[in-house]
Amino acid sequence: MAFKKSNKKLPQAAILKQILRRCSSLGKKYDDENGLPIDVPKGHFPVYVGENRSRYIVPISFLTQPEFQCLLRRAEEEFGFDHDMGLTIPCEEVVFRSLTSMLR
């Protein structure tokens, strides 16, 4: 599944839906109904963080947080969303854990 770039800006809700659809988990079993890994609870999605691409499960509510949106913009700039590696966040794990602990 690839994102198509266009000249017109998509509303933020549409972009967030694309990001969620794009989230994947390597080697995990998928639910045929929604395409997310079976081990991801409803209302959450997986991200991969740090040099070792450690997997974290984060709540969808993080998508509305400006700090997390900044990480998403950096992820798009550095990695793009058109790859099979899942949503990869360009940040050190310790920084990511610190940020997400403040958002909870």
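R97 is partly exposed, with a relative accessible area of 41%; this class lies between buried, under 20%, and exposed, over 50%, for a 1.4 Å probe with protein chains only. R97 forms a salt bridge with E93, and their closest N and O atoms are 3.6 Å apart. A salt bridge here requires a side-chain nitrogen of Lys or Arg within 4 Å of a carboxyl oxygen of Asp or Glu. Both R97 and E93 belong to helix 3, four residues apart, about one turn of the helix. The structure holds one salt bridge.

The model is predicted: local features need pLDDT of at least 70 and side-chain atom pairs count only at pLDDT 80 or more, while totals for chains, interfaces and linings use all residues. Residues are numbered from 1 along each chain as its sequence is written, and side-chain values use heavy atoms, with hydrogens and water left out.

The chain contains three helices and three strands, in the order α-β-β-α-β-α along the sequence. These elements are DSSP runs numbered from the N terminus, helices being H or I of at least four residues and strands E of at least two. Buried residues account for 36% of the 104 residues. The chain exposes about 7,000 Å², of which carbon and sulfur atoms supply 52%; the areas come from the Shrake-Rupley method with a 1.4 Å probe, and for residues only the protein chains shown count as cover.

The largest nonpolar core has 18 residues, among which V47, F68, I89 and F96 touch the most other members. Such a core is a set of buried Ala, Val, Leu, Ile, Met, Phe, Trp, Tyr and Cys residues joined through side-chain atoms within 4.5 Å.

Apart from neighbours within four places in sequence, V47 is in contact with S54, R55, Y56, V58, F68, L87, I89 and F96, where contact means heavy atoms within 4.5 Å.

Helix 2 and helix 3 pack at an angle of about 145°, their axes lying 10 Å apart. Axes are lines fitted to C-alpha atoms, for helices over the stretch in contact, and angles run from 0 to 180 degrees between N-to-C directions. Helix 2 contributes E67, F68 and L71 to the contact, and helix 3 contributes F96, L99 and L103.
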